Amino acid sequence: MAKLETKKQINTLALLFALTYMVSYMTRINYGAVIAEMEISTGFSRSLLSMALTGSFITYGVGQIVSGICGDKFSPKKLVSLGLIVTICMNLLIPLCQNPYQMLAVWCVNGFAQSFMWPPIVRLMTALLSADDYKKVTVRVSWGSSFGTIAVYFLAPVIITLLSWKWVFLICAVFGAIMLVVWNKFSYEIENEKKGKIDASPSGSLKALFTPLLFCVMLCIVLQGMLRDGVTTWMPSYISETYNLGSAVSILTGIVLPLFSIVTFNLAEKLYRKKLTNPLLCAGVIFGVGAVSAIALYLLSDAGAVFSVLFSALLTGAMHGVNLILICMIPPFFKKYGNVSTASGVLNSCTYIGSALSTYGIAVLSENMGWHFTIFIWFIIAVLGTAVCLLCVKPWAKNFGN
């Protein structure tokens, strides 16, 4: 299919993909947004309830690889539709669950369904957009995750106050159903790449994804996933327990985090496109900002809720910037191999390895060691991510340019 050229076509595509990504976030992170209220209402422990989050991150990560491979072989439009249908059903089922183990099973299925969103969307963008338009549109599509997070963290306290936490899932399912209709009406069908256009050399195989350099990139992605989703999930609980705020008010503070991430998306894209064109150098610099934010959060944790929310927002914002560079800007380097969707899926799956580790790990760590020690561990993770990114700068330039 020919590339989209008119500004109207490109803007419409960006809006469609951003809305789809926003709804996918609303039907996925809503569990984490209300977990503090679920803990109070159900009487189940934080670690038991967090099993569903950990399980969904694992199935989401595994599903990313499956979805990535499928996205290079089958219709991306149909794959996204399938993901939306299943996630709607799982959001309708979760309020009916009687114990954390049933929630675990349902949310694991939801995590796998959610994985059929991003890699196919990346495949569609690379097929429909020029390289420069791809960089710009990817940022706007990534806004969807932030607006989805804002919507959930704004609506959840209101819904909890007026109804109950169960209605958060039901209302998100309605948004999913609306998006399913819109997606099928306005999205594009594309043809598979013809084999003659793909590099047929050994380096064009999946082995191109599994080199020592790419394993280091994957480690960096795991580390940012630990911070991005771990801090986002547990920040309301941290604020509630540290400053004795109600769960609804604490959830509302979660809105600040995605607001910072929107700014970070734009700054990261401009930094990468205009200044630091080596993605590992750019990611390393942003990781460093996250490390500074983490140590500031650790040192000023007794200064008040405002400072804690601010530095938590700076930390997660930086991780969103790292995610944009490593998850969104690296896959197009594999277009000549015909593995764009696969590369996107494999790399994005690493985020959710980190998410799974940190979501459960932070619950256990904070319960046993306290929040102050937990925050120091966040700083160590950020420093490690910065170091690995910077060590990969020269090897990346040697293998991929920039």
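**Aromatic pairs and a packed helix**

In this predicted model, W118 has a relative accessible area of 1%; a residue counts as buried under 20%, so W118 is buried. Y21 has a relative accessible area of 7% and is therefore buried as well.

The structure contains 10 aromatic pairs. In one of them, the ring centres of F17 and W183 are 5.7 Å apart and the planes meet at 35 degrees, so this pair is classed as tilted. F17 belongs to helix 1 (residues 7-42) and W183 to helix 7 (residues 166-186), so the pair ties together parts that lie 166 residues apart in sequence. Both F17 and W183 are buried. Y21 and W118 also form a tilted aromatic pair, with 4.8 Å from centre to centre and 35 degrees between the planes.

The charged end of R28 is placed over the ring of Y25, at 4.5 Å from the ring centre. Likewise, the charged end of K185 sits over the ring of F186, 5.6 Å from its centre.

Helix 14 (residues 371-391) comprises 21 residues and spans 31 Å between its first and last C-alpha, close to the expected 30 Å. Its buried residues include W371, W378, F379 and C389. The buried residues of helix 14 pack against helices 2, 8, 11, 12, 13 and 15.

Key
Residues are numbered from 1 along each chain as its sequence is written. This is a predicted model: local features need pLDDT of at least 70, side-chain atom pairs count only at pLDDT 80 or more; totals for chains, interfaces and linings use all residues. Side-chain values use heavy atoms; hydrogens and water are left out. Helices (H or I, at least four residues) and strands (E, at least two) are DSSP runs, numbered from the N terminus. The expected span of a helix is 1.5 Å times one less than its number of residues. Buried means under 20% relative accessible area, exposed over 50%, partly exposed in between (1.4 Å probe, protein chains only). Contact means heavy atoms within 4.5 Å. Rings of Phe, Tyr and Trp (its six-membered ring) pair if their centres lie within 6.5 Å; planes under 30 degrees apart count as stacked, over 60 as edge-to-face and the rest as tilted. A charge sits over a ring if NZ of Lys or CZ of Arg is within 6 Å of the ring centre and within 35 degrees of the ring normal.
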